[in-house]
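Reader: I would like a close look at one part of this protein, with its pairing and its surroundings described in order.

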Amino acid sequence: IGYGANTETVSANTPRVDMVDVSNHNGAMTTPEFTYMRNNYGLKAVTTKISEGVGFHDWTARGNIAAAQQAGVYINGYHYLHATTVAGAIAEAQYAVNMAKADGLPVGAVLAVDIENPNQIAMGRAMQPVARAFENEVARYGGYRSTTYTGGSAISVSPDREKAWIAAYPYVPTSAMHQYDTEHAWQWGSKQTFASSLGVFDVNVLYDDFFTTGTDKNAVVPNVTQSKPVVNHDTSAIKKFKNAGNRFTAYKGFRVDKIAYVNGMWQAINYNLAGGKDANWTINGIPLAILDNVTRGNYRATRVGDTVKFMRGYDYGTIDQYDNKSNGTGINEGAYGMIWYNADSLLAK
């Protein structure tokens, strides 16, 4: 979820961090990361993206739910709504519930509806029956509680006489601010950093106990002694590979930037896959024997400038080693030994 941008760093002078909301954009979160936020910033709840429309299931939801539970904070979910009709909202609600249950979201948790598409916002109050249909259906079909998330300028889409979860980002947020304090929660920032984690986060103040399952939100008390951050040193790309079970696919073609007969075989180097022009033939050279030449076929000599791609059987598999310092991924290609690729470039293939 995100409704704009600000760049304040969480401090004693900013509003509280009662809750963070996360999604695949944050990658898979871990228990030490949530524990650090709890101990040092008083985090009480996490809301993780579950689904979107009727066909997108957020791959990080299951792990985020388990990590939050192990960290001792309340866990909730949200669904990014596409529908603009009551029937469509009901269909999406049922899909969201099915995904939430598969991920282990506890019955009774919040499964909020995220309304921020421009065509929805343009409907104004006419969106209220759609939002209400989603909220009612997740309660009936799944036993979850619900509310509407939207921006402060679009609050009319939230059902009347119902508290909402509102996003509005002041240029300089301060602890003295209590915007939208008649609602369940105020998301006051979307670019917050924590020493324990990579990337930026949405941060929220809670004004009641809705997101803590009716339990006093202040019952989750930060430790007196602050804990040291447990930093995940994995690069963003390496983290994504690990989250995918170390599996990779590499179906796209790439340019031959160098070619040479080295170590008893013809090899090619692509500067992007090698991580730069200072590539090493022994660790970055790719045997032509595992490549298909897209430009001229496999029965003519490969030349610099040709486009090649990995042969079937070599275009997917499992990463065997990582090197965070170089952002490297090592793949054991059998008789050809370990070949190292730049993680970002391999991820893009």
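Which residue in E16 stands opposite Phe254?

Author: Val308 in E16 stands opposite Phe254. The model is a predicted one, in which local features need pLDDT of at least 70 and side-chain atom pairs count only at pLDDT 80 or more, while totals for chains, interfaces and linings use all residues. Residues are numbered from 1 along each chain as its sequence is written, and side-chain values use heavy atoms, with hydrogens and water left out.

E11 and E16 (residues 307-310) are antiparallel and joined by two bridges; strands pair if DSSP finds at least two bridges between them. Helices (H or I, at least four residues) and strands (E, at least two) are DSSP runs, numbered from the N terminus. The pair belongs to an open sheet of three strands, ordered E11-E16-E15 with antiparallel pairing. Its edges are E11 (254-255) and E15 (291-293), each of which pairs on one side only.

The protein is divided into domain 1 (10-206) and domain 2 (236-348), with bounds from an automatic or database domain assignment. Their C-alpha centres lie 40 Å apart. In an unreviewed entry, UniProt lists residues 252-301 as "domain: Lytic exoenzyme target recognition"; UniProt positions are in the numbering used here, feature names are shortened, and annotations may be inferred rather than shown by experiment. Those residues are 16% helix and 34% strand, with end C-alpha atoms 21 Å apart.

Another open sheet has three strands in the order E18-E19-E20, paired antiparallel. E18 (321-323) and E20 (338-342) stand at the edges with a single partner strand each, so one side of each has no neighbour in the sheet. From one strand to the next the twist averages 25 degrees. Three bridges pair E18 with E19 (residues 328-332) in the antiparallel sense, and Gln321 stands opposite Gly330 of E19. Helix H6 (residues 236-243) packs on this sheet, touching E18 and E19, and its direction makes about 160 degrees with that of E18. Axes here are lines fitted to C-alpha atoms, for helices over the stretch in contact, and angles run from 0 to 180 degrees between N-to-C directions.

In H6, Ala237, Ile238, Lys239 and Phe241 are buried, that is, under 20% relative accessible area, where over 50% is exposed and anything in between is partly exposed (1.4 Å probe, protein chains only). The cover over these residues includes helix H1 (31-41), strand E10 (247-249), E18, E19 and helix H9 (343-348). After H6 comes Gly245, with a positive phi near 75 degrees.

E20 is largely enclosed by the rest of the structure, because four of its five residues are buried.

Asn284 reaches towards this region from helix H8 (residues 281-284). Its side chain comes to 3.0 Å from the backbone oxygen of Trp340, a polar contact (a pair of N or O atoms within 3.5 Å; within protein, one must be able to donate a hydrogen and the other to accept it, and residues adjacent in sequence count only if both atoms are side-chain atoms). Asn284 counts as buried because its relative accessibility is 9%. Apart from neighbours within four places in sequence, Asn284 is in contact (heavy atoms within 4.5 Å) with Ala268, Ile269, Ala274, Ala279, Ile339 and Trp340.
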